[in-house]
Amino acid sequence: MSKKKIFSGALVAIVLVIASGMTPLFAYGSWNYRLTVEVETPEGVKTGSAVRQVSNSASIIKILDLPDVGNPANVKGEAVVVDLGERGVLFALIDDRSYHELYSAFPTKRGASTVWGILHYNYLYLWPWRKAPVSGRYIPKMVMFEDMNDPKSVKLVSANELGEGMRLKSVTATLTMMPVTWGVVDGYLPWLKKLKGGYLHGGFTSKGAPYGLHGGNFKRD
Amino acid sequence: MTSSLSSELFNAILSMDAYNRGYDASIDLGVKDKNGNYLSIGNATIDDDKGDAAAQSIGFYALAYSYDGSTIISFRGTDNAPSLFNPLPSV
């Protein structure tokens with residue numbers, strides 16, 4: 001076999017391996033999941049959901065290699081809105097750690113942010129209808145507003161104490177191929193766009209901002 | 001016998017502390033009270049921080065501490081070293 005043929009064959013093999021997104025050296029994954037929040041009220045079960053996206057990449061070759069450690073994943077999406085009618089509107093927030101919703105619902109024994117963890121989620125994503133509960137400390141922070149037009153009227157609500165006659169029924173994550181949800185939160189909170197990701201009290205820093213919340217807790221892109 | 005921490009060493013600790021608080025904290029110390037407010041570190045109390053969506057978009061995070069009558073600012077920028085040989089960086 002000529003050197004030229006060997007070289008061409010090797011080149012094709014490398015391209016195929018890279019195109020598959022999986023090599024022993026690196027991995028990349030992007031997974032959409034629908035976060036669904038169900039609340040029991042005296043008027044019946046109220047449900048809200050939003051599709052969020054977690055993505056991450058990792059390489060085996062690192063300057064400092066620690067077992068089961070990788071870069072934190074990126075999260076995109078917005079707060080889940082549960083319209084409780086006369087009782088108000090519940091928002092299940094999003095933040096930089098929201099990827100734990102996906103990771104806790106579909107756990108892996110290897111570090112989720114490592115090459116092997118990413119390959120694990122790529123494999124799971126071949127069946128994008130899997131559904132699992134999100135529980136305990138991975139349930140997102142929830143808030144309500146006394147006045148929907150006033151961002152400073154926000155109140156943190158406990159999952160166990162949503163209000164009289166109300167109870168958090170479930171929080172679930174479902175793998176999906178649907179696109180990330182955008183725009184629902186804007187429909188309920190007209191001031192959100194003007195905030196441009198800033199703190200809810202309109203200040204430059206968190207001092208005085210209710211619970212340290214900012215626009216990125218409602219919409220994260 | 002007790003010895004006090006030198007200010008240089010404590011400043012170094014505070015500079016490191018910025019990496020373990022706020023969004024994308026390297027080590028989640030869980031050092032917030034039930035209202036989500038930051039607690040102190042040693043004798044330094046945390047007065048303020050900046051880590052909203054605008055700051056996150058450029059990888060910036062900063063803390064302001066009150067310590068020994070002074071205000072000390074500790075901040076971080078890009079804190080994830082790029083993975084070598086990774087043709088598909090995080091998006």
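Me: What relative accessible area does A:Arg167 have?

Reply: Happy to start there, with a note that this is a predicted model, in which local features need pLDDT of at least 70, side-chain atom pairs count only at pLDDT 80 or more, and totals for chains, interfaces and linings use all residues. Residues are numbered from 1 along each chain as its sequence is written, chains are lettered from A and ligands numbered from 1 in the order in which they are written, and side-chain values use heavy atoms, leaving out hydrogens and water. Buried means under 20% relative accessible area, exposed over 50% and partly exposed in between, with a 1.4 Å probe and protein chains only. A:Arg167 falls in the partly exposed class, and its value is 46%.

Me: How many residues apart are A:Arg167 and A:Glu40?

Reply: The side chains of these two residues meet in a salt bridge, at 3.2 Å from N to O. The pair links distant parts of the chain, A:Glu40 sitting in strand 1 and A:Arg167 in strand 9 of chain A, at a separation of 127 residues. For the terms, a salt bridge is a side-chain nitrogen of Lys or Arg within 4 Å of a carboxyl oxygen of Asp or Glu, while helices (H or I, at least four residues) and strands (E, at least two) are DSSP runs numbered from the N terminus. So the answer is 127.

Me: Which residue forms a salt bridge with A:Arg52?

Reply: The closest N and O atoms of A:Arg52 and A:Glu101 are 2.8 Å apart. A:Arg52 lies in strand 2 and A:Glu101 in helix 2 of chain A, so the pair ties together parts that are 49 residues apart in sequence. Both residues are buried. The partner is A:Glu101.

Me: Is A:Asp186 buried or exposed?

Reply: A:Asp186 meets A:Lys219 in a salt bridge of 2.8 Å, N to O. In this link between distant parts of the chain, A:Lys219 belongs to strand 10 and A:Asp186 to helix 4 of chain A. A:Lys219 counts as partly exposed at 25% relative accessibility. A:Asp186 has 19%, so its class is buried.

Me: How many residues of helix 3 of chain A are buried?

Reply: This helix covers residues 115–124, and A:Ile118, A:Leu119 and A:Tyr121 are among its buried members. Their cover includes strand 1, strand 2, helix 2 and strand 9 of chain A. Helix 3 is largely enclosed by the rest of the structure, because the buried count among its 10 residues is seven.

Me: In chain B, what relative accessible area does B:Ile58 have?

Reply: Chain B runs α-β-α-β-β from the N terminus on, and B:Ile58 lies in the loop between helix 2 and strand 2 of that chain. B:Ile58 is exposed, at 63%.

Terms used. Contact means heavy atoms within 4.5 Å.
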